[in-house]
Amino acid sequence: TAGNMPIVPVISLLWAWATKGACVLKPAADSVPLIAALGTALAEVDLAHPLARHTTLAYWRGGDTAIEASLLADGAFDRRVIWGGRNAVQALAHRGGAADTIVMRPRYGISFVGRAAVKHDLQAVVRLAAADSVVANQQACMSSLLHVVEGTDADADAYACALADVLDKW
């Protein structure tokens with residue numbers, strides 16, 4: 001996982017559980033104590049629980065071929081999500097053979113804004129969008145830097161102007 005925000009490994013784990021079930025989570029070096037605490041909590045709750053049985057929390061120095069050759073071998077996983085810095089993404093994106101790979105490159109936050117949201121309560125939508133955009137002073141991977149608006153050109157322009165006003169006040 002990316003290491004620029006301490007919450008990233010926790011959110012990544014929750015997403016893994018919600019979408020995939022079984023997972024291996026490798027945190028950035030700065031997040032190792034947090035992963036140790038999560039592992040301890042899982043063990044304390046119930047080691048027999050399916051989420052605990054099918055979750056691996058591990059740290060190794062990136063690029064260690066002894067670990068990565070087997071862990072990332074073709075067929076080891078049917079899906080992989082790589083989320084981290086440019087070096088981590090470049091080193092891992094090509095591995096894993098036929099596994100479907102989702103790559104979350106650095107600073108790759110996108111917001112999709114539906115037509116109904118823009119038509120219903122534009123001010124509420126842009127306040128929420130502004131909050132999504134300024135996470136960690138726009139340095140977090142999840143900071144929305146691209147907003148895609150469903151609707152007409154006029155809808156998109158109205159959204160952009162309203163968002164600019166909210167961000168200016170922020």
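Colleague: What should I know about the model before we start?

Modeller: This is a predicted model, in which local features need pLDDT of at least 70 and side-chain atom pairs count only at pLDDT 80 or more, while totals for chains, interfaces and linings use all residues. Residues are numbered from 1 along each chain as its sequence is written, and side-chain values use heavy atoms, with hydrogens and water left out.

Colleague: How many helices and strands does the protein have, and what makes a stretch count as one?

Modeller: The protein has eight helices and six strands, and read along the sequence they follow the pattern α-β-α-α-β-α-β-α-β-β-α-α-β-α. Helices (H or I, at least four residues) and strands (E, at least two) are DSSP runs, numbered from the N terminus. The C-alpha trace spans about 55 × 35 × 25 Å along its principal axes.

Colleague: Why is Trp83 called buried?

Modeller: Buried means under 20% relative accessible area, exposed means over 50%, and partly exposed lies in between, with a 1.4 Å probe and protein chains only. Trp83 has a relative accessible area of 10%, and is therefore buried. Trp83 is found in strand β3, and its C-alpha atom lies 31 Å from that of Asp165, which is 82 residues away in sequence. Of the 170 residues of the protein, 28% count as buried.

Colleague: Why is Trp15 called partly exposed?

Modeller: Trp15, which is found in helix α1, has 46% relative accessibility and so counts as partly exposed. Leu34, in helix α2 (residues 32-46), is also given as partly exposed, because its relative accessibility is 30%. The C-alpha atoms of Leu34 and Pro9 are separated by 8.2 Å, although the two are 25 residues apart along the chain.

Colleague: What makes Arg115 and Glu150 a salt bridge?

Modeller: A salt bridge is a side-chain nitrogen of Lys or Arg within 4 Å of a carboxyl oxygen of Asp or Glu. In the pair of Arg115 and Glu150 the closest N and O atoms are 3.9 Å apart, and the pair is counted as a salt bridge. Arg115 lies in helix α6 (residues 115-120) and Glu150 in the loop between β6 and α8 (153-169), so the pair ties together parts that are 35 residues apart in sequence. Both partners are partly exposed, Arg115 at 41% and Glu150 at 42% relative accessibility.

Colleague: How many salt bridges does a search of the whole structure find, and how do you know that Lys119 and Asp155 form one of them?

Modeller: The search finds three. In the pair of Lys119 and Asp155 the closest N and O atoms are 3.0 Å apart, and the pair links helix α6 with helix α8, across 36 residues. Lys119 counts as exposed because its relative accessibility is 57%, whereas Asp155, at 10%, is buried. Arg79 and Asp78 form another salt bridge, with the closest N and O atoms 2.9 Å apart; here Arg79 is partly exposed at 47% and Asp78 is exposed at 54%.

Colleague: What makes the nonpolar surface patch a patch?

Modeller: Patches are made of residues with over 30% relative accessible area and no salt bridge, with like charges joined within 9 Å and nonpolar side chains (Val, Leu, Ile, Met, Phe, Trp, Tyr) within 5 Å. The nonpolar patch covers about 380 Å² and is made by Ile110, Phe112, Leu146 and Val148, with β5 (109-113) and β6 (144-149) as the elements that give two or more residues to it. Ile110, found in strand β5, has a relative accessible area of 37% and is partly exposed.

Colleague: Why is the lining of the largest pocket described as having 23 nonpolar residues?

Modeller: Ala, Val, Leu, Ile, Met, Phe, Trp, Tyr, Cys and Pro count as nonpolar, Asp, Glu, Lys and Arg as charged, and the others, Gly among them, as polar. By these classes the lining has 23 nonpolar, nine polar and seven charged residues. About 1,100 Å³ of space lies in the largest pocket, and of the 39 residues that line it, the closest to its centre are Thr1, Lys26, Val81, Ile82 and Trp83. The largest share of the lining, five residues, comes from β3.

Colleague: What makes this space a pocket, and a residue part of its lining?

Modeller: On a 1 Å grid over the protein atoms alone, a pocket is an open set of points with protein on both sides within 12 Å along at least five of seven lines, and lining residues have an atom within 4 Å of a point. The volume is the space filled by probe spheres set on the points.

Note on methods
Areas by Shrake-Rupley, 256 points an atom, 1.4 Å probe, with all protein chains shown as cover. 1 Å grid on protein atoms, 1.4 Å probe; cavity = no way out; pocket = protein on both sides within 12 Å on 5 of 7 lines; lining within 4 Å.
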